Each structure stands twice: as structure tokens, then as C-alpha cells.
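Morning, everyone. Please look at the model on the screen, and keep the sequence beside it.

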Amino acid sequence: MPDPAADLRIIGFLCNWCSYGGADTAGVARLAQPTDLRIVRVPCSGRIDPLFIAKAFYGGADGVLVSGCHPRDCHYSEGNYHARRRLELFLRLLPALGIDPGRFLYTWVSASEGQRWQQVVADFTARVHALGPMPRLRETDLAAAALCHPAAPQEGA
Amino acid sequence: MSTAQDAASLETLRAELRRAACDALQAGAELVLGWGPGPDPATLAPLFAASPGECAALDFGPGAVQNLAGHLRALAGRKVAVCVKGCDSRSVAQLLAEGLLRREELVLIGLPCAGVLDRTRLAPGAPAPGDWACAAPDELLDPRCLRCRFPNPVLADVTIGPGRAPREPEGGPHADLDAFLARPVEERFRHWERELGRCLRCYACRNACPLCVCRDHCLAETRRPGWLSQSSSVREKLLFQVIHAVHTAGRCTECGQCQRACPVDIPVLTLKRVLAREAEALFGHVAGTDPAQVPPLLTFRAEEPTIPDHGAEEGR
């Protein structure tokens, strides 16, 4: 059952042709899944700019899951090959940003792999829960913070 | 080496540079981009010479900090000569590799470099701590020069001055990155929160970057889709740095112009160095070393031996 109090925010970017279908297969088969995941459907994993993931993290996501067609199975022949290079490089930037790389997963799930989809979501959600909520950015420059939120009371005031 | 000998070789080097510049003008170049006298003795400022008379003011040394490759895109379509240090030549090679410059429009005057000064380590108005012939002491150099792998131009039509040996710092060129990455994850997160908190969003880092070629179409200024809002929050500032790093991933030659341009001294080069190191580990690609190379994110291989298979193992 969904539990808004205990859920974390996980954003999933799923390619239209394989992984979204795989998630649908899992749903049709009524395979129980954690409710932390919010899915964004994209035409192809090649559509996913690593900045989608950065923007999700800084916008309040606790985890980001990207899933596309298996290599060699892309609907557009080569979208996921490009995605694989970009996503792997971005994954390796995360430690430098102070974001635990365990909060980000990219993987491949085909439209028939409902069971595998359930497993991926369950494992990834458990992994993000083990890490807990993502730290939130605070304003460190108080002058800038006052400009940004003029009505907000200052700390200690 | 005696002071008299130094002075003699300094004058020889200068004369050689000025002659090469005049030769380039005679060979059809409209301008020679180089360095000349700056606002104080330790600084050499960019000098664009269009006549042999102006070429007589060209100079080089540890004060020649700026990467002149950043000006080349605006001059595309005209034949120009440009003075390049090792790092600058990598920017030119990278722009050539991406088809953003044409080799036949460039005359490259290569200047092997023993390191440039870090202005934050010098008192204002201080005398020049070194010149072309005799290098400045290490403790006054830009830290990136102390780990320089390419002191000699990778690409040049004419090279002036003695070749320099690459630096091999103790603990490798990435010792400081490793030390940063060894800190706890939350501390690294707070590090960027604190550093970017003082960012002014002036975009000097972007404007100084020789590889930021989108000009008026920068993502930071689009409103549809709205990648960044006008809010002065640390979230927008940090996301912009991620945008800059990701857009130069596999292309950045670590010339350090972004960090040097920052008026509030934010260490923005760190993210780009991490990406450059990982691009080298994953794709064996060192940006700006060969004008014929394809940037690694513009291509792929069906089998990627260096990328772990994130689909095969169940529930990785």
C-alpha cells in the first residue's frame, strides 16, 4: 500500500518502447511494486540528457532510475548506445558532486521482462531507502538568501 | 647561467617571436593574437597585432596567462595567427576536431611553456618573478601548471623557445582530486553548497571558456524549457556548474580559464577535471591532443569493454 510518510521520491526515466512496456507488463501481471517511483516516459533512452538527472536530484529527488532497451535492441538502432556512454560518465561525476552514486541506476529492461522490472524497482528502492533521504541544499550566503526569499525569517531571528 | 646570458637569450627569443609574427602577417594573416605589456610588470595582456609595428610589442613569459584560443571562434572566416602555449594548443586542437575552426585559416605559433603565474599568489604591482628565459618559482605558479602534461604545443606551424619537460607531481596529477573524493559524501555535498553559495551568476566562467560555443543559445538563458530560473538560489548556481561540466565532458582540455575568470574564486575546474579523468579511463580519450579525433560522446561502440553491463546482473 502507498505510504506517503515513509516513501522517498524516486524519479524513473523510461524509454517508450521497452522499459515502459516492461513496467506495463509488470502492472498487467499485478506484480506488487514499491510506490516510491514516479515514472517519466521518454521516446528513447537516447533522449535522456544527464542534466535531467542532475535537475531531478537538485529538485528534490532521492533517487533516479533510468531504463531503456537492451543494447542491440533499440527501436532507433543506436539511441541506447549513446545513452550508455553519457550515463556511465555522469554516474562517475556523482561522487564529485557529493551525491552517493547508489542513488542513481541505469539499466536495461525489455517490454516482456515484467518480472525483471519488479525486481529492478524493488532492489533500487531498497537501496535508496538504505541511503535515506538526499540532503537538501541550504543557502550559505545569507545576503543571497535574503534576496531569494525576502519573506522567510532568518535563522536564529 | 649568468644574468647576462639570460638577457641575451631573452632578447633572442623575443626577436624570434616577433619575426614569426611578421612572417605570419606576410603570409596573409590579418591579425596575430599574442601577448604584450600588461597593466603591471608581472602580467602580460592579450595583444592583437595587425601590423609589423604592433608585432614589435609582442612578448611571452610566465605572465602570459590567458588562453587566446577563446577568441578564435569570433574570428572564424578570417585568416589569423595565434600564439599558443601547450594547454592553449589543446583548445585549438579540440575546436578543430569538432569542426568549429578551419586549419587553413590558422597560423599557430607554438610557445613551450614552463608554467604561468597565479595572480592570487602575487602582491599587486609586484615585480615580475621570472621571464621567458628564466621560469618563475613553482610556488607562484598556477597549481594546474605544476601537474602539466602538455607543456609543449601539440600542434604548431612554428615553435619558438626550448622544449619543456612535462611535470610529474608526487602522488600523480590527480592527488588533490583523490583527497577530495576520499572525504565523506555529505561533506562533498556541503562543499559545493558552500562554494557555490557565493556565486554571482555572472557567467564569467562560461564566457571565458574556449569550448563554450553556443553563444546566444546557452541553456542557462533559455526560458523554454526553463532549465534555470532567475532566482539567486544555490540550486540554480550549482545546476549551472553541472550544465557547464556536462556540456564540456570529453571536450574540456582543463585550460583553467573558467576558474581564473571567477571573480569569487570558486574552484569550478574540479568537476571538469573529474569528468576528463573518467573520460580518459572509460574511452582512452584525452581531449585536444589530436585534431582528427572524434569526441567520445559523439560516438559509441556496440561492445564497450570498459563499461560494466548494468543489465546482465540481476538487480544490480
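Into which domains is chain B divided? Domain 1 covers 12-159 and domain 2 covers 175-298. Those bounds come from an automatic or database domain assignment.

Some ground rules. This is a predicted model: local features need pLDDT of at least 70, side-chain atom pairs count only at pLDDT 80 or more, and totals for chains, interfaces and linings use all residues. Residues are numbered from 1 along each chain as its sequence is written, and chains are lettered from A and ligands numbered from 1 in the order in which they are written.

Back to chain B. The C-alpha centres of its two domains lie 24 Å apart. Their contact takes 21 residues from domain 1 and 20 residues from domain 2. Contact here means C-beta atoms, placed from the backbone, within 7 Å.

Now the sheet in chain A. It is open, has four strands in the order E2-E1-E3-E4, and pairs in parallel. Strands are DSSP runs of at least two residues (E), helices runs of at least four (H or I), numbered from the N terminus. Two strands pair if DSSP finds at least two bridges between them. E2 (37-42) and E4 of chain A stand at the edges with a single partner strand each, so one side of each has no neighbour in the sheet.

Look at E3 (residues 63-68) of chain A. Five bridges join E3(A) to E4(A). In that pair, Val64(A) stands opposite Phe104(A). H4(A) packs on the sheet, touching E1, E2, E3 and E4 of chain A.

What does Val64(A) touch, leaving out residues up to four places away in sequence? Its contacts are Ile11(A), Ile53(A), Ala56(A), Phe57(A), Arg103(A) and Phe104(A).

Val64(A) also belongs to the largest nonpolar core, which has 74 residues. Val64(A) is among those with the most contacts inside this core, as are Phe57(A) and Leu238(B). A nonpolar core is a set of buried Ala, Val, Leu, Ile, Met, Phe, Trp, Tyr and Cys residues joined through C-beta atoms within 7 Å. Buried means 20 or more other C-beta atoms within 10 Å of the residue's own; exposed means 12 or fewer, and partly exposed is in between. Helix H3 (residues 79-97) of chain A gives this core its largest share, nine residues.

Last, the two chains together. 39 residues of chain A are in contact with 40 residues of chain B. On chain A's side, H3(A) again supplies the largest share, 13 residues.

Terms used
Contact = placed C-beta atoms within 7 Å. Axes fitted to C-alpha atoms, helices over the stretch in contact; angles between N-to-C directions.
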